[in-house]
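Subject: Two-chain model, with notes

Hi there,

Here is the structure I promised to pass on. Could you open it beside this email while you read?

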Amino acid sequence: MSAIFKTHIIPNLKLDTLETSETKAIHQVLELLEATDTDAYKNIQSNSDFSGITTNFTTQVAQHIYFHPKRYTDTTEGITFVTAWLPLLNEGIYPDEKSVNKLVEFLTFNLGYFQSEAFSEATEQQLFQVIKILAKSPSEAALPIAQFLILRIFDIRDVLSSEYLIQNCLKHNLLSGTYAVKQDDDTISTFPFTIDSNFINCFFEGNWELFIHKFHQLLPVGRVYEKSAYDIMTPWFSSDLASYYEVNPNRALNATEALKERLIWADAQSDALLHLTTAEGNYPLIQALANKKWDSGDVLLFNTRDTNIPKRQQDAGYNNFLEWLIADSGANLNSEAFKDYGIKILSENTANNLPIECIPFWFQIAHPQTGFKNHSETFNSLFSKLFLEDDSFGLLPTMRHKGEDVQITGSFVIRTIAQSHSNVLLWFERLQMDGLKNPLNQFLIRALCDAGEALLELFPAEEQEKLQRFLLTLAYSSRDASAVVRAKNIPLIAEALGFLCVETGNFTRVNEIWALKDLDANAIEVCNQFARKHYINENRPLTLNIIQAWFNYLGDYYYSVTKEAVWVPEALTTQGERVAQYFNLQNEDVGFFLDRLVNRVLSFHKRCKSKEASNPIFKTISADIEVFLIDFLGKLKNEKLHLNTITHLYEYSNSDDSRFSSNDALYDQIESYSQFVLETEAAELEEATEQDAEETQESESAEEFVNAVPSSTIDINAIEVNQHYIEALLTNLETYKTAGCETELLNFFNTHIEDLKTWLSNDDTGLEMRFGQTLYMTLLDVDLAPGTPLETYGNLSKNIFVHLVKGSNLANSYAMGLKAISKSGAYSDPLANALLQVADQLNA
Amino acid sequence: MTQDITPKIQDQLNLSALILKKNHKQANLSSWSGFNLEDKKHVKQAERLLTILGIKSGLHLRNSLQHYESGLMVSQAFEKLAAEFRNDTTETFEAKYRALNNPQTQNTYKTVWKYRFSLKNQKLRGYEIAMYIFQMRLGLVLGFITTEEMILRLEEVNTTIKSTFSSWGEFHRNVCIGDEYVLGVTEQDVSTFPNMSTLWDHYQRLHIEHAEWFKNWNK
């Protein structure tokens, strides 16, 4: 039994006024206090009969035990008195409101003492034990204690006491769980410690403003790295508080200020409060950050946010952050707030959380022209991590825009640049010097690649050209970039160029792009496809140049043992008929070109054959060549090939080197050619013999004729268009070399050319044909060429030839023959020109 | 995979010895490329030479080879002019020559005039093939080509060149003429290029240092 009860309280108990049930309560109390040997106890024991009586702990009883203000006059005694309550409290015998209020007065008064060294730890332990039991009790004693604690804690005028209580509350787990309130009907209700209207009513006079004000004041207070009031209050945070902030944005702003102070001075994060959520899932404090111009503190605070907050509520924050970064010409970039904290907002993030504005921001801050030189590197590495090293998306990420996830497109990126720079290409050029290792360039490459065919609309023609050169320069200057960067970007460059380079004919450019494959193995496929598309494109008309290119690249294909020019086999195996058709449609003599083509193809076939024992790959090349030859020769018109080409083919196919033999179709093909040759030869031979025969005949008749009509004796005036004179003319044309030129005769017929033509067309002895042939021969005679003494004769015969032949079915072949001959180089320029002229006249 | 250099391949590679020496004095003529791949300076020099020649990749290299092989690079232009000059008299030629005001073209005209008959058949094939092989060796330094492909190509051009010329002397003379035709007279000003040697210097040195290589014209 504690001394204080023994000496001061029990002896002074006035039991007279008590009901029996109350006396029974006192009796029980005394037993609990182990005061059975006291007079009071004995007195009750002897005088009272408790049978049938229920114990009743009334307020009066409580006051008898607990209400002894005199005991508090001496601090030590007061403490002893209070701690002596423990056995009773443990049994659920709680003081009444009046006694507790007295206790609270005592505690308030002695707060200073409790913190002194005179106050032993053991006693403190006991005292707080009492407070704890009281605070947690479901009695009217609970609320005053809780009110006392909260009032003191929130009163930072006496910061030491506040801190003292905070620490003890934490230590003894006070102000948590529930608190009990006596209702008007004297019943006790318990409420959880959470900030709601009841809480405000009980502890802050129903005044939210008051609470918020004190709350914000208290937040930053406390010792660094130790628990503080915040830790007591954390469980109290509620959606009611959140709603209050939502309705009162200014208060929310104040709260963020308090949190910033707490973060800066106490170095403590306030996650729970910052992430306070309303019932609707809104974050009022994050909202508060969204609606203001930022300072460094906001950056710090934002950095501590939970990244799982819905993106919609973070969007504005990111934008404020970006604005903060470029504010004051980038002064903030040098601040600690950025280097130690702000940087994390970007570095520990992914692109799809960030606003679309990041792209123009990056462009501005890292471009050599507009950027902040010392920081471009920082941002380049930040953004390259976000945009280039993240494999979770394809070329470009989705980003945030107007509260939505938006897929970034290449067109968007390019238009963004165009918005702030009138000349996009100039903007690119400044970057070009940095080469591929500059992440900005890598990003641009992605954008260009992503834009794809839209590039042709985004850039006018002359800029497309510049753009191609820009990309090529980047690619070819990439030797100093790392292998990883090359592997990623060279294929993209090739792809982008594939979209840009769609014009036909510029094979220098095509080759330059195709050659990107040598820069990185990853680009090989793209580049080869690109080259194939340009070299073998059935949608475009064939040209001689392309055909020539195919067979030039056949060399590369062969020498590299099929590693280079990989589309060549496709050209060989699919384009043979197309080539033949192309040549079939050419009016000009293509024999020379075809001869070279066939020779080249055969020479490679031969090489392949001779090497196929050492490397079986050569077998496939020669097989492809054979496919080409079958297709090509099968469709090509017989007369297109020169005789020597056919001979060559024939000889090759029959030679020992060739071993076409396995290929019957090809064999037959070549056979049919040689058959054709034989037939033509036979026909020519026949013609020749006929001609010989005729010639002999004619020479005889010519002799006669000469005799009959001696050249000198032809009477010009007597000439008329009849068989006699026509034959005389023909004879002269055939024999002028020996018999001399009958220019007058020729001239006569030249003036009567129409008559001659009519006469010949009615003739059925074949004179017309002979005239054509004979005149043709005179054309080719160098003795009759322009500038020679016999020029007149030549000119006349030329004129007649044109008139006779033009419009006939032989005109075309004559013209072609003349063209070929004039280009053969066998004749001097004047004659060659004259021949060309004739050919032109025939075709006219 | 790098293949061994057989005496036959060495003989074929030697067709480019003169040009290689001219462009890279420290060249090791008995190696595939002539350049020391371990030596950064050597690689840099090869890179530089390729850049001058406009060769940025294997494709560029092969296109260039194709041009040299077909005569498109030098011989065709040479022959066109030579054919014209063969019909000219001394006077008509001089008239044409005087009408020029570009010293480089004048040099070209002079060279062509001089050899218009003697090189009617050979043209500048020797020079072209020497360049062809030289460029392959350069390409090898940067990995644009493999030795396997080189062997195939060497074989072809070797056949061509051995049947076009009849001796090392004749061949090398053609290389020198070609060099002069393309680059102009190569009398370097020793005062400004103290380390430069003329092609003629290299020619002499080559025949002294590797006399045994250039004795037999192995067909």
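Predicted model: local features only at pLDDT ≥ 70, side-chain atom pairs only at ≥ 80, totals over all residues.

**Where the chains meet**

The contact between the chains draws on 13 residues from chain A and 13 residues from chain B. On the chain A side, the elements that supply two or more residues are α29 (507-514) and α31 (544-559). Of these, α31(A) gives the largest share, with four residues. Sorted by class, the side of chain A that touches chain B holds six nonpolar, four polar and three charged residues.

**A helix pair in chain A**

Next, have a look at α28 (residues 483-500) and α30 (residues 524-535) of chain A. Their axes come within 8 Å and cross at roughly 20°. An angle under 35 degrees counts as roughly parallel, so that is how α28(A) runs relative to α30(A). The crossing of α28(A) and α30(A) is left-handed. On the α28(A) side you will find Pro491(A), Ala494(A), Glu495(A) and Gly498(A), and they meet Val526(A), Cys527(A) and Phe530(A) of α30(A). By class, this contact of α28(A) with α30(A) has five nonpolar residues, one polar and one charged.

**One face of α33 in chain A**

Helix α33 of chain A covers residues 576-584, and Gly576(A), Val579(A) and Phe583(A) are buried in it. Looking down the axis of α33(A), the buried residues fall within an arc of 65°, so they line one face of the helix. What do the buried residues of α33(A) pack against? Their partners are α31, α34 (591-611) and α35 (617-635) of chain A.

**A loop residue in chain A**

Phe57(A) sits in the loop between α3 (39-47) and α4 (59-66) of chain A. Is Phe57(A) buried or exposed? There are 21 other C-beta atoms within 10 Å of Phe57(A), and the cut-off for a buried residue is 20 or more, so Phe57(A) is buried. Setting aside neighbours within four places in sequence, Phe57(A) is in contact with Ala25(A), Ala62(A) and Ile93(A). Phe57(A) and Ile26(A) are 31 residues apart in sequence, yet their C-alpha atoms are 8.2 Å apart in space.

**Chain B**

Chain B has eleven helices and zero strands. Of its 219 residues, 39% are buried. Among contacts in chain B between residues at least 6 apart in sequence, 75% join residues at least 24 apart.

One helix pair here is α7 (residues 103-115) and α10 (residues 168-183) of chain B, whose axes come within 8 Å and cross at roughly 150°. Angles over 145 degrees count as roughly antiparallel, and α7(B) and α10(B) are therefore roughly antiparallel to each other. The crossing of α7(B) and α10(B) is left-handed. Thr108(B), Thr111(B) and Tyr115(B) of α7(B) make the contact with Ile177(B), Glu180(B) and Tyr181(B) of α10(B). Those residues divide into three nonpolar, two polar and one charged.

Terms used
Residues numbered from 1 in each chain as written. Chains lettered and ligands numbered in written order. Contact = placed C-beta atoms within 7 Å. Nonpolar A, V, L, I, M, F, W, Y, C, P; charged D, E, K, R; others polar. Axes fitted to C-alpha atoms, helices over the stretch in contact; angles between N-to-C directions. Parallel < 35°, antiparallel > 145°, perpendicular 65-115°, else oblique. Left-handed = near helix turned anticlockwise from the far one by under 90°. Buried ≥ 20, exposed ≤ 12 C-beta atoms within 10 Å, placed from the backbone. Arc of directions from axis to C-beta.
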